Amino acid sequence: CLKADDGAELWRFEYVTDYVDRHGDNPGPRCCPVIDDGRVFVYGVEGLLHALRLEDGTLLWKKDTAADFGVVPNFFGVGSTPLVEGDLLLTVVGGSPPNSPDIASGETQPAGSAVVAYDKRTGEVRYKTGDDLAAYGSPVAATIAGRRWCFVFARGGLLAFEPATGKVDFHFPWRAKSLQTVNAMSPVVAGDLVFISDAYSIGGACLKIKAGGFEVVWQDGRKRERSMSSWWNTPVLVDGHLYGDSGLEDSDLRGVELATGAVTWTDKALKHTSLLRVDGRFVGLTEDGILWLLELTPQGCRKISEATLMDPDGRPFVRPPARAAPALSNGRLYVRGKDRLVSLQVAQGEAPPLSS
């Protein structure tokens, strides 16, 4: 826990982990801390879930989700941030039966614990639900037609359930056939529409939620051009239009009409860009650490300014890969790269001209 003004450490909580990423990637963690009612919940890459006291980092309770639910490690470990819903902490776990084969075998089966709801105060398991394995998108709760819903984009598709009880409404299969692909975006909810997307081969789908189930509004796939192929970024919805990064190595920034899936524009100059909407504009952070101020509308993308943060020695402050979306709080913009967190005071007044 750091002091916002100067980054000074206020308290520290540590634990031992032996996790090693099987692809040689960064060893994590991959989940954001969740703050609620005087508590901080942290979910580690190896599946250790801790509840801490916000004031001083004292441990309140902990759970080993991998041991408790037979989790077979996913390709990049745990990466779905839990969600507080009332008194519950909804946690994507994705357990399997005892002695299950490695996920690389393609034969790992779920065991009804796609999501585990913990009592946020005690850590007691309230329920487990969903027959799917874990992925990397975070749970999203919404009220639709007067009822609370929770949506989880799990490894095999979209899981929809009632968050208070865990009662499953439906599971919509949506993932690429290749074994080593992952679902990573969080569902985007707009009224009674829910959007999900995969970056590997099938693209996006839009569902209309109704009592007891759903209907498909549109979906990509082999029979139509892919509208939005989200990799690690979740697109941002504004007035019925999605804005986000689309594609793998050859990505672009684009706008998509949610109701139809129509691509309204693409900008191939902005690759692998995480977005944050602020006061009607967007702050974009590219994977290589460049910050952009953007105006995104259904008609196109206007680049207002850019900045490459440099230290006094002329070295970049933010080193790639910079995949965490920027965060804004109390006039401070927080940007994270490979090995550094940078806090910036957001300037007021007219934006500077686009730099060369």
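**Backbone exceptions, sheet and core**

Asp279 is placed in the loop between strand E21 and strand E22 (281-286). In this predicted model, its phi is near 50°, a positive value in a residue other than glycine. Asp279 is exposed, with a relative accessible area of 78%. His272 also has a phi near 50°. That residue sits in the loop between strand E20 (263-267) and strand E21 (273-278). His272 is buried, at a relative accessible area of 9%. Most residues other than glycine have a negative phi, and most peptide bonds are trans.

Cis peptide bonds were also found. One joins Gly28 and Pro29, with omega about 5°. Pro29 belongs to the segment before strand E1 (34-36). The bond from Pro320 to Pro321 is cis as well, with omega near 0°. Pro321 lies in the loop between strand E24 (300-308) and strand E25 (327-329).

Four strands build an open sheet, ordered E9-E10-E11-E12, with antiparallel pairing. Strand E9 (140-144) and E12 are the edge strands, and each pairs on one side only. From one strand to the next, the twist averages 20°. E10 and E11 pair over four bridges. Phe151 stands opposite Ala160 in E11.

Phe151 is also among the members of the largest nonpolar core that touch the most other members, together with Leu158, Phe170, Phe172, Phe195 and Ile209. This core holds 25 residues. Beyond its neighbours within four places in sequence, Leu158 is in contact with residues including Phe151, Phe170, His171, Pro187, Ile196 and Leu207.

Key: Residues numbered from 1 in each chain as written. Predicted model: local features only at pLDDT ≥ 70, side-chain atom pairs only at ≥ 80, totals over all residues. Heavy atoms only, no water. Core = buried A, V, L, I, M, F, W, Y, C linked by side-chain atoms within 4.5 Å. Buried < 20%, exposed > 50% of the residue type's maximum accessible area, 1.4 Å probe, protein only. Contact = heavy atoms within 4.5 Å. Pairing = 2+ DSSP bridges. Helix = DSSP H or I, 4+ residues; strand = E, 2+ residues; numbered from the N terminus. Axes fitted to C-alpha atoms, helices over the stretch in contact; angles between N-to-C directions.
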